[in-house]
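These are my notebook entries on a structure I examined.

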Amino acid sequence: MWAQVLLALAILAGLAVVLKFLRGRKARQAVLLLGLPNSGKTAFWFKVMTSQDVVTHTSMKENKGYLPKPATHAHLRGSAPLVVDVPGHMRCRPLVRQYLSAAKAIVFLVDSIEIIYNYSSVAEYLYSLLTNADLVRRGLPVMIACNKRDDPLSAKPSLIQEKLEKELTTLRSTKKNELLELGDSQEANAARVVPLGSPQVPFTFTQSPLPVLWRECSVATGDQLEDLMCFMWTTSG
């Protein structure tokens, strides 16, 4: 009798391990939509999921769904990626950290109009991603999508990149000084973050610890959204 009980427990334990493994594999297929509030993440999510334009508001709750194939790329193979629209509000950053552990790729949306007022906030967010030791270890690709490029007042991606590189160069020095003031050891710091390029030269995205790609797009007009969908499909396999 006891032998049968032990055998049953062993089988249940084995099933639990298998289910955990399968859930982990499934979670690792997640593509995260990140960015500041009002960058167009939720509108983008609804557009690619339902092909509908919706009026969105700042939310404190994530949206999840499996991404359909782009209409002109039916040849794509594999399972549909899980795409998670994570709220951009600062109070939701713990939620971001939770999903980062189960991410396969990141699409970081930037408002190409409002960026002139929040370069520093965007740079701060990107710094936390690009120097994340776990993301670097996994080689997570990051697509920076410059949204609202249909507006003539929007900034070009080349200008946005240049301004962010300057902000990140400044931020790199600031963060280093903060660590020194806190008395953080190099060993403790290295477990959490990696250097953002060489401190001897100004930062450029070619020095990024994570692979970074750039696209301009417009959620309103649908321009270049299929390129972003292809990125999510090809990086989540």
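Which residues form one aromatic cluster with W214? I found that F203, F205 and W214 form one such cluster.

**Basis.** I worked from a predicted model, in which local features need pLDDT of at least 70 and side-chain atom pairs count only at pLDDT 80 or more, while totals for chains, interfaces and linings use all residues. Residues are numbered from 1 along each chain as its sequence is written, and side-chain values use heavy atoms, with hydrogens and water left out.

**Aromatic pairs.** I took rings of Phe, Tyr and Trp (its six-membered ring) as paired if their centres lie within 6.5 Å, with planes under 30 degrees apart counted as stacked, over 60 as edge-to-face and the rest as tilted. The structure holds four aromatic pairs. One of them joins F108 and Y125 edge-to-face, at 5.2 Å centre to centre and 85° between the planes. F108 lies in strand β4 and Y125 in helix α4, so this pair ties together parts that are 17 residues apart in sequence. For helices (H or I, at least four residues) and strands (E, at least two) I used DSSP runs, numbered from the N terminus. F203 is buried at 2% and F205 at 8%.

**E165.** I located E165 in helix α6 (residues 157-182). Leaving aside its neighbours within four places in sequence, E165 is in contact (heavy atoms within 4.5 Å) with F203, T204 and F205.

**Helix α2.** After α2 comes S51, whose phi is positive, near 60°.

**Cysteines.** I found zero disulfides (pairs of cysteine sulfur atoms within 2.5 Å). The sulfur of C146 is 7.5 Å from the closest cysteine sulfur, in C217, which is too far for a bond. C146 is buried at 0% relative accessibility, and C217 is buried at 1%.

How values were computed
Buried < 20%, exposed > 50% of the residue type's maximum accessible area, 1.4 Å probe, protein only.
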